[in-house]
Amino acid sequence: MGTLYNYIGGNSDSQGLQGTFRGVYDWNSMTTDEQILPVRGADWYDGGFWQRLYYHTWESSDDALYNTWCYLYKVVQLANRSLYFIQLHRGVLTDGQFRQYCSEVRAVRALFYFELMDMFGRVPLVTEYSKDPKAPVQSERSQVYRFVIGELQDAVPYLPQGRSNQKGNVYGRVTQGVACFLLAKLMLNAEIYADDNWTDSTRPQGADLFFTVDGRRLKAWEGCLHYCDTLQAMGYQLEARVADNFAINNETSKENIFVISMDKVLYSNTFGYLFRSRHYAHGSALGLDSENGTSATLSTIQTFGYGTDSLDTRYAYTFFSDTIKVDGSTVEIDGRHPLVYYPLEIRPDLSSSPYEKLAGARMAKYEVDRKAYADGKLQDNDIVLFRYADVLLMKAEAKVRDGQDGTAELNEVRSRAGMQPRPKATLSNILKERLLELMWEGWRRNDLIRFDLFHRQYDFRPQLKDETDRHTIVFPIPATAIELNPKLQQNHGYD
C-alpha cells in the first residue's frame, strides 16, 4: 500500500499530480486564462506545445497527453495490484486492518479516477488486477463519477483520522479529511460530471441530481455543504496569513488538508514551478537557478487590480512584480540594469518585443527555500493540493447555487486577506475570489468549466470561442492509447 504514495508527486515530466511539467497541473492551468508560458524569442516555443495548450488547439497525438494518461492509469493499476495482494494475505490481517488497508487503497484509486474522469470524460473503468489484462472498454463519464463517489463514501469510515498535511503516522496519506474534501468537490461539479453529452449547450440540473449521503437523500449542492461542514467539524480552519500555508516549513498548517510531502534529503519529489517562472538573474540572486518562463496572464493581473487603486492585498505574495529585490538589494541584469518584471506587457508571443525576457508577473506563492537542491526544485515546502479556504469557497458557491446565502463564507476568506467584505455573494464574485485566493494552485480549469466559461475564455485569443468549441472541456483520448486498444473511441469533437 505504501508504494502508492510514491506516485502522488514525481520528479520527471508528466508524473505526479503537481510539481512537474507537462502533466496534470499544466493541462489544468496552462489551458486557462490564469497563466501562460509565452514564447520568448528562441525560448519556450517547444514545437508549439504551450501555444496549443493556451489556444485550445491541443492534439490527440501530443506525447505529453499520452504520458499523463499513462501516469494516471499506472497508479490505478498499482492500486488494483495492492488490493489483490491485500486480499491474498487476508489471513494474516485483523478485520480492522483489512478494512482500513482496502479502504485507503480504494480512496487513492478514486482520487486518480477523479483526475481521469475530469480530464478525459469517458474512460475505461478497470478495478481488477491481472498480469494479462484484456483491452478494456470505456464507461460513460456519469458512471465513472458515481463509482468515484461510491468508493470514497464506502472508504471514509475506515480511513485514518488525523491531519494528512502534518508530520506523523498519516503524513501524506489519504485520510477522512482528504476524502471529504474530494467528495465536496465532486458534489459541487455534479452538473459537469453527470453530463455525458458535454458538446451540447445543455447539462443536467444540479437541483435534480440526488445522492445518498450518510443515509440521507440529498441534492448535489446539499451533499457539497454536508462534506464542507464535516471538514469544519474536523477542526480545519484558516491560517492567520495565506502565506503561512506555503512556507518552507508548512507542516503545521491548520488549513492545508492534503499535500505532496517534500523533503530535499528524504524524497525525490520536485517542485519546478518557481524555477520555471523566475528570470535567470532572479534565480542567480537567490543562489539558485531559473528558466524565465511562466507568467500570469493579462486578465489575471487585471482581476487582481494591478495598476489601480483597488489592488488586492494577495497580489504582493502571489507574484514577483516590478523591480525585484533580494535581501534588500535590487537585482541587476548583466550588472548594469535593474531586473524589472512588466505585468501588463505579457503576450502569448513576445518575440522581438522590447519586453521579450521581462514581460509578465511571476510565480511567488511559495516561500523560496534558499537551501533547496536541484536548482531550487528540491525544496522543503510541501506542495499544497487541498486546503480549507477552498472548502469555504465551495460552501459559498454551493449555497448560492442552491438559492441560499453564501456571503458569510465568501467574506471569511476575504477578511483573512484584509479585503473589504462583499455585500452579497454571487456566482460572479465567487469565481473571481477563487482566482484571487487559489492562483497557481491548479483549480482554474475545473472552475471555468463549472461556470461554463472554459470554452469561452478569450483573453489574448483572436475571437470569442463559440459553441462548436465545447468539446475542449475534455481532452482527447490519446491517439497512442487508441492504437494500442482499438476498443477505445475518441471523444466527441476530436474525430
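Helices (H or I, at least four residues) and strands (E, at least two) are DSSP runs, numbered from the N terminus. By that definition, Ser139 belongs to strand S3, which covers residues 138-139. The model is a predicted one, in which local features need pLDDT of at least 70 and side-chain atom pairs count only at pLDDT 80 or more, while totals for chains, interfaces and linings use all residues. Residues are numbered from 1 along each chain as its sequence is written, and side-chain values use heavy atoms, with hydrogens and water left out.

**Overall form**

The protein chain contains 17 helices and 16 strands. Its radius of gyration, taken over C-alpha atoms, is 22 Å, close to the 23 Å that the globule rule (2.2 Å times the number of residues to the power 0.38) gives for 495 residues, so the chain is as compact as a globular protein of that length. Along the principal axes, the C-alpha atoms fill a box of roughly 70 × 50 × 50 Å. Where contact means heavy atoms within 4.5 Å, 69% of the contacts between residues at least 6 apart in sequence join residues at least 24 apart.

The accessible surface, computed by the Shrake-Rupley method with a 1.4 Å probe, comes to about 19300 Å², and 48% of this area belongs to carbon and sulfur atoms. With Lys and Arg counted as positive and Asp and Glu as negative, and with His and the chain ends not counted, the chain has 55 positive and 64 negative side chains, and the centres of the two sets lie 3 Å apart.

**Interior**

Buried residues (under 20% relative accessible area, whereas exposed means over 50% and partly exposed lies in between, with a 1.4 Å probe and protein chains only) make up 61% of the 495 residues. In soluble globular proteins, nonpolar side chains tend to be buried together. A nonpolar core is here a set of buried Ala, Val, Leu, Ile, Met, Phe, Trp, Tyr and Cys residues joined through side-chain atoms within 4.5 Å. The largest such core has 131 residues, and those with the most contacts inside it are Phe112, Phe120, Leu186 and Phe386. Helix H4 (residues 95-120) supplies the largest share of this core, 14 residues. Beyond residues up to four places away in sequence, Phe112 touches Tyr7, Ile8, Leu17, Tyr71, Leu72, Val75 and Val76. A second, separate core of 14 residues includes Leu288, Val326, Ile333 and Ala372.

**Individual residues**

The relative accessible areas of four residues are set out below.

| Residue | Relative accessible area | Class |
|---|---|---|
| Ser139 | 9% | buried |
| His56 | 7% | buried |
| Asp214 | 62% | exposed |
| Ala425 | 5% | buried |

Not counting residues up to four places away in sequence, Ser139 touches Arg122, Val123, Pro124, Leu125 and Val144. His56 lies in the loop between helix H2 (49-55) and helix H3 (63-88), and its phi is near 60°, a positive value in a residue other than glycine. Asp214, in the loop between strand S4 (210-213) and strand S5 (216-219), likewise has a positive phi, of about 50°, although it is not a glycine.

Ala425 is placed in the loop between helix H14 (407-416) and helix H15 (427-438). Apart from neighbours within four places in sequence, Ala425 is in contact with Val400, Gly406, Thr407, Leu410 and Ile430. The C-alpha atoms of Ala425 and Tyr73, which are 352 residues apart along the chain, are separated by 39 Å.

Methods: Charge placed at Lys NZ, Arg CZ, Asp CG, Glu CD.
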